[in-house]
Amino acid sequence: MEKQRFQFKEMTAGVCYYPEHWPKEMWRDDLRRIREAGISVIRIAEFAWTIFEPVEGTFSFDFFDEFLAVAEEEGIKVIFGTPSATPPAWLTEKYPEVLNARKDGVLLRHGGRRHYNYNSPVYRKLTARIVEQLVRHYGQHPCLVGWQIDNELNCETSEFYSEADHAAFRSFLKEKYGTLNALNAAWGTVFWSETYTDWEQLHCPRPVINNGDNPHLMLDYRRFVSASCLSFAGMQAEIIRKYKKPGDFITTNGLFGDMDNHKLQQDSLDIYTYDSYPNFAFEIDRDPKHSKDLNDRKWTRNLTETRSVCPHFGIMEQQSGGGGWTSRMEMPAPRPGQLTLWAMQSVAQGADFISFFRWRTCAFGTEMYWHGILDYDGRDNRKLAEVKDFISKMKTLDPVCGAENAAGFALLKDYDNIFDSETDIWHRRIASASEKEIFAASELNHTPYNIVYMKEETELAELAAYKVLVYPHPFIMSEKRAEVLKQYVANGGTLIVGCRSGLKDMNGKCVMLPQPGLLQELTGTDVRDFTYTSPNEDDIYAVWDGGKIMTPVFNDVLTPLPGTEVLAAYGNGYYRGEAALTRHAYGKGQVLHLGSTFTREGFKELLAYAGALEPFREIVTAPEDVEVVLREKDGQRFLFVLNFMAEERTITLLRSGTLLYTGGTVQGEVTLPAFGTAVYQV
């Protein structure tokens with residue numbers, strides 16, 4: 001399946017610039033300095049609706065015409081943002097129905113951003129009009145190389161409760177179910193006398209006692225929010241395609257929840273861009289020194305997720321300074337070296353375009369503490385010097401552009417389970433615990449993974465690219481997904497699953513089958529007893545090959561069916577001695593079933609057992625706190641090593657490699673400085 005229609009052909013640097021924030025006399029000097037720093041692309045205009053349409057139906061292009069003329073003279077290319085994230089005051093005052101609302105129906109008024117709703121017919125009409133005006137006017141401009149739809153779709157909130165949303169939700173449900181009888185059956189509305197007898201009785205979630213929302217309604221609501229967002233973006237993409245130049249790309253910047261980002265990319269975008277702010281890990285009200293917290297290194301999870309949407313993506317906003325609004329969020333400035341480290345983290349995970357946020361720090365407004373490369377005084381500073389140094393390093397990585405990321409295994413996910421876990425706290429606690437620990441095990445043991453999203457149309461070939469698949473807790477399982485998993489294992493693959501697998505159907509209802517439901521043929525296990533681990537008892541563990549692995553949060557007590565081997569048994573609890581981990585041969589492959597959530601130590605043992613641990617161990621050895629990534633292209637291999645610590649670290653290259661930054665040949669021990677990075681062709 002085609003995942004992207006545009007790909008950068010060389011490593012490209014950009015920056016976000018807001019000409020409306022600065023006197024016109026500053027533009028040329030700013031653009032000259034931007035170009036001299038090695039930056040060739042700027043993003044503009046995504047919050048400028050009022051400038052283009054100061055009063056309803058009156059359009060003005062003079063301001064940005066003048067700016068683009070300067071950009072063209074200075075040799076700067078432009079990504080143009082559609083301004084639908086910030087509707088003007090005249091619009092929201094005249095048409096309050098365009099506003100989003102709280103769950104209790106109170107409108108969210110003008111004054112922030114992203115305060116509109118996707119389903120208002122008025123807002124869709126006015127958005128379509130401004131987008132068409134802009135693309136008709138600027139679509140053939142020689143400066144432009146791309147278009148950004150809106151800004152951070154579903155950021156700030158992914159909940160919508162306007163009257164337009166209630167009406168659109170009813171239409172969504174009518175199309176999906178056809179009849180109220182079918183809807184009532186799918187949602188189990190006989191429970192608590194929730195049965196609906198008229199479509200007008202149906203609403204988006206509203207305040208209910210004890211937050212006791214019907215979980216099946218909530219699952220469909222999150223699917224509805226995703227569909228609404230994709231429809232809004234698709235409307236804009238269709239207009240842009242009518243008028244843009246051939247070769248100019250369409251993108252948006254994410255990654256946010258309650259949205260099928262893969263379908264958004266497939267249907268509407270040419271390339272996906274992510275906004276990467278690793279400094280959130282050091283936000284003042286957090287505890288970054290927690291012994292098991294990977295801090296800024298955790299952003300590799302988000303970048304890996306982005307790569308699953310678009311293998312060769314871009315970064316529209318790469319952190320360059322300390323961050324925060326006047327109303328919330330307080331982050332320290334990046335320490336010397338961290339700006340380069342975080343940008344190279346993005347490149348390592350598949351980004352071929354890095355655009356820093358922002359060139360100048362704004363001196364006013366809610367984000368006046370969200371610092372850019374330059375501070376308020378505009379003088380050269382250490383951040384600018386580091387940006388220049390990073391770009392000089394980035395330019396040596398042109399051979400890496402378009403390279404694929406090597407992976408020790410694939411993590412399987414799907415939107416049905418993600419949406420379900422956002423409502424079902426049992427699901428969320430279990431899934432969240434495991435995903436954090438799987439990532440930690442991956443990072444600390446230098447075993448990167450790719451993410452594959454399961455869909456009803458997923459085919460064997462997509463899964464067969466990996467020797468090991470991990471589907472941690474697929475509460476929701478369909479017959480089609482179970483069937484392709486059977487094909488994968490039968491053809492020689494290893495599948496690892498955890499507790500609560502196969503518990504629900506596609507409506508989020510618990511299946512009346514022996515657990516793990518549709519997966520039982522694969523796992524060769526029967527779950528007759530299960531429980532949360534109790535805080536009143538000792539930590540539960542299992543004994544595997546003479547050692548202990550912890551089995552926290554939730555335990556399925558596994559009964560092996562004929563032909564299934566017990567690898568580990570619980571070492572304590574009332575189910576002491578019962579199976580905690582099993583192996584079932586299926587065709588040419590095997591299924592490992594863990595009756596618990598995953599821990600970093602236990603998952604390391606599972607990877608070793610499956611033969612997937614440390615796939616680059618013949619190339620490099622490195623301490624746990626150095627990230628190791630390998631990208632491959634045309635038979636060439638590029639090794640990234642990133643030191644996330646404030647002290648130097650030593651790695652050992654076990655074979656000769658070329659340091660791309662300098663062209664020098666390196667082998668043996670190499671010392672990385674604090675927050676240091678290196679990229680080798682090996």
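In this predicted model, the buried residues of helix H12 are covered by elements that include strand S1 (12–16), helix H1 (24–36), H11 and strand S9 (353–357). The residues of H12 that are buried are Lys383, Leu384, Glu386, Val387, Phe390, Ile391, Lys393 and Met394. With 14 residues, H12 reaches 20 Å from its first C-alpha to its last, close to the 20 Å expected at 1.5 Å a residue. At the start of this helix, the backbone nitrogen of Lys383 has a side-chain oxygen of Asn381 within 3.1 Å.

| Helix pair | Residues | Axes | Angle | Handedness |
|---|---|---|---|---|
| H11 and H12 | 338–348 and 382–395 | within 9 Å | roughly 35° | right-handed |
| H14 and H18 | 425–444 and 600–610 | 8 Å apart | about 60° | right-handed |

On the H11 side, the contact with H12 is made by Gln338, Leu339, Thr340, Ala343, Met344 and Val347, while H12 contributes Lys383, Glu386, Val387, Phe390 and Lys393. By class, this contact of H11 with H12 has six nonpolar, two polar and three charged residues.

For the other pair, Glu437, Ile438, Ala440, Ala441 and Leu444 of H14 meet Arg600, Phe603 and Lys604 of H18. The residues in this contact of H14 with H18 divide into five nonpolar and three charged, with no polar residue.

How values were computed. Residues are numbered from 1 along each chain as its sequence is written. This is a predicted model: local features need pLDDT of at least 70, side-chain atom pairs count only at pLDDT 80 or more; totals for chains, interfaces and linings use all residues. Side-chain values use heavy atoms; hydrogens and water are left out. Axes are lines fitted to C-alpha atoms, for helices over the stretch in contact, and angles run from 0 to 180 degrees between N-to-C directions. Helices (H or I, at least four residues) and strands (E, at least two) are DSSP runs, numbered from the N terminus. A crossing is left-handed if the near helix is turned anticlockwise from the far one by less than a right angle, and right-handed if clockwise. Contact means heavy atoms within 4.5 Å. Ala, Val, Leu, Ile, Met, Phe, Trp, Tyr, Cys and Pro count as nonpolar, Asp, Glu, Lys and Arg as charged, and the others, Gly among them, as polar. The expected span of a helix is 1.5 Å times one less than its number of residues. Buried means under 20% relative accessible area, exposed over 50%, partly exposed in between (1.4 Å probe, protein chains only). A polar contact is a pair of N or O atoms within 3.5 Å; within protein, one must be able to donate a hydrogen and the other to accept it, and residues adjacent in sequence count only if both atoms are side-chain atoms.
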